[in-house]
Structure formats: C-alpha cells, structure tokens
Amino acid sequence: MPAPFSSRPWLVLVLLGTSLLSMRCANPTARALPVRVELNIFSGLPNPSWELSPPEVQELERRLQGLPPRAQAVPGGGLGYSGFTVWNSSREPGAWQQVRVYQGVEITRGQEPTSYEDLHDLEGWLSEQARSRGHGEFVPGGD
C-alpha cells in the first residue's frame, strides 16, 4: 500500500497552502507589507534604513496614537542628523503613508501632512532602534 501522500504531491501543497492562509487570517494584525525606517543623516552616503518586525510595528502604531497637534511643522533637515522617516507600504484606506520624526511627529495620510507633539518619545524609541542596529554614532547621545 503506497504512503497516503506519495502519489498526490499536489494534495500536500494544497493542504500546506490552506494551513498558511488560515494562520494569516487568524492573525488580522499581521502585516504582509513592510514598514521601513530611514535614519536621515545627510552625510553624502546613502541613509541607513531597516524594516520593522511585526511587534515593532505594533509598538510604532501605539506610539502614534493620541498625539496632541502642534502649531508649527516638523523642521526640515540640513547636513547631519535630522531624525527619521518611516515608510508604510500598506495602501489600506486611511492608513498613513509616511511619518517624519524630528523634534516632533509629522504624519502623512493622503496629500497633506499633519504635525504633532512627540508625546510618546517616538524619536527616542527610533534612536534606540538605530543604536541596536549599529547606527548609534549617527543619533544624538549615540555611541
């Protein structure tokens, strides 16, 4: 008697695909598309960047909640350190596309950015991310 799946390799693939799909559907907060952070250092070399893990994305989303608006825009950068830009690959309606963090937080949804106070120390958290990835010499208080 042949092994149950040896004559039907396609059945194994179907079952595996179904299992993976059900795992994805069971976790609606899982992100299929990456969130990328860019450390803005304007040094003449490419800016360091990295992708956030799913738990890091959840922490980022938590830190973006409940921020008080601010009157002035987030400052632009010059040479040297000028904060972070976070890029969201999701194109879900209402999702933010970009967040700039430098002496405040600027969130872009749609066309116009909105500025907020950095109440939850997003810049400090991203600086820790940069340090843990070997870019500490580029952030204030770095290595």
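Biologist: In what order do the strands of the open sheet stand?

Modeller: A strand here is a DSSP run of E with at least two residues, a helix is a run of H or I with at least four, and both are numbered from the N terminus. Two strands pair if DSSP finds at least two bridges between them. In this predicted model, the open sheet has 6 strands in the order β2-β1-β3-β4-β5-β6, with antiparallel pairing.

Biologist: Which strands stand at the edges?

Modeller: β2 (49–51) and β6 (112–116) do; each has a single partner strand, so one side of each has no neighbour in the sheet. On average, neighbouring strands are turned by 20° against each other, direction ignored. Such angles use axes fitted as lines to C-alpha atoms, for helices over the stretch in contact, and run from 0 to 180 degrees between N-to-C directions.

Biologist: How many bridges join β5 and β6?

Modeller: β5 (residues 105–109) pairs with β6 over 5 bridges in the antiparallel sense. For E106, the bridge partner in β6 is S115.

Biologist: Which strands does helix α3 lie across?

Modeller: Contact means heavy atoms within 4.5 Å. Helix α3 (residues 122–132) lies across β1 (35–39), β2, β3 (84–88), β4 (98–101) and β5, and runs at about 85° to β3.

Biologist: What should I know about numbering and confidence?

Modeller: Residues are numbered from 1 along each chain as its sequence is written, and side-chain values use heavy atoms, leaving out hydrogens and water. Local features need pLDDT of at least 70, side-chain atom pairs count only at pLDDT 80 or more, and totals for chains, interfaces and linings use all residues.

Biologist: And in what order do the elements run?

Modeller: From the N terminus on, they run α-β-β-α-β-β-β-β-α, with 3 helices and 6 strands in the protein.
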